[in-house]
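Okay, thanks for coming, everyone.

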Amino acid sequence: LQYLSLDHNCLDGTIPTEIGNLSKLDFLYLHNGLDSTIPTVIGILSTLNSLVCDNIGLDGAIPSEVGLLSNLRHLILSTNHLNGTIPSEVGSLSQLSKLDLSTTHLDGTIPSEVGLLSRMRTLRLSTTHLIGTIPSEVGLLSRLSELDLSTNHLNGTIPSEVGLLSKLSELDLSTNHLSGTIPSEVGLLIQLEQLGLSTNHLSGIIPKELGALTNHEATFNLSSNMFTGTVPMELGFMSNIERLDLSRNRLVDSMLYIGNSASVKYLNLSHNELISFPFSQGWSNLE
């Protein structure tokens, strides 16, 4: 047996340890109301390519034996009751391209070993209870296109190494406890389409380097922080930006140059300290 999918059934109970006998299994997809832990024998399935067990009621910890799945490309355990920490052994999954552990009860820190996952394209760890800082090793994930660490308890600063992620199209760090400034290196992410930094403790000025991100229809949400000063004129060079939310900050100067972007559909500057706001004929597409 190479392919096993049991989704959309009425199964309950636990995942049997006998699943370890399926020595040639390539794809395992479970999507039911199971009340089970992940059996440690999962590590025996050395040929497994995809392990998809989202929203099935899994609880307990992720066993370190997952790190033995040397051929695994997709590990999706989202929307479960998993707890404990992310095992450092995930760093041994050298073929992994997608890791989704979002909407679980995982806690602890993001292991620095994630930087070993050189084939990673999608990393979703949102809506958990992760603490600590964002490891600088994420900058080693040169193929990464989506990084979602939103809705956690992460603190510290945004590592400048994120600027090395040249293929990144989505960066969501919103709803954490991040502080410090936005590193200017974010302006190197020329593929970026989604930037979510809202609801943190970020401060300082908005870096002018963000204006270099002009190649895609973009949505930037920097709301509910403590940004000060003026909005850099370079933001007006972002000819393809569609949604820009800078609300609930401490910005004081006007948005004179943002009118250069005819593509903007949503612009929110409420709850700042602006002393003037010149309208522009270029905002014909505002919704």
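Let's start with Ser-150, which sits in the loop between strand E11 (146-148) and E12. Strands here, like helices, are DSSP runs numbered from the N terminus, with at least two residues (E) for a strand and at least four (H or I) for a helix. Before I go on, the housekeeping: this is a predicted model, where local features need pLDDT of at least 70 and side-chain atom pairs count only at pLDDT 80 or more, while totals for chains, interfaces and linings use all residues. Residues are numbered from 1 along each chain as its sequence is written, and side-chain values use heavy atoms, with hydrogens and water left out.

So, is Ser-150 buried or exposed? Buried, because its relative accessibility is 7%; the cut-offs are under 20% relative accessible area for buried, over 50% for exposed, and partly exposed in between, with a 1.4 Å probe and protein chains only. And what does Ser-150 touch, if we leave aside neighbours within four places in sequence? Its contacts (heavy atoms within 4.5 Å) are Ser-126, Thr-127, Asp-172, Leu-173, Ser-174, Thr-175 and Asn-176.

E12 itself belongs to an open sheet of three strands, ordered E8-E10-E12 with parallel pairing. For pairing, DSSP has to find at least two bridges between two strands. At the edges are E8 (107-108) and E12 (153-154), each pairing on one side only. E8 and E10 (residues 129-132) run parallel and are joined by two bridges; Gly-108 has Leu-130 as its bridge partner in E10.

Now the salt bridges. I'm counting a side-chain nitrogen of Lys or Arg within 4 Å of a carboxyl oxygen of Asp or Glu, and by that rule there are three. One is Asp-100 with Arg-124, at 3.6 Å, N to O. Asp-100 is in strand E7 (residues 98-100) and Arg-124 in strand E9 (residues 122-124), so this pair ties together parts 24 residues apart in sequence. Another is Glu-146 with Arg-124, where the closest N and O atoms are 2.7 Å apart. Glu-146 lies in E11, so here the parts tied together are 22 residues apart.

On accessibility, Asp-100 is buried at 7%, Glu-146 is buried at 13%, and Arg-124 is partly exposed at 25%.

Then there's Lys-265 with Glu-242, at 3.9 Å, N to O. Lys-265 is in the loop between strand E20 (250-251) and strand E21 (266-268), and Glu-242 is in strand E19 (residues 241-245), 23 residues apart. Lys-265 is partly exposed, at 32%. Back to the shared partners: Asp-100, Arg-124 and Glu-146 are joined into one network.
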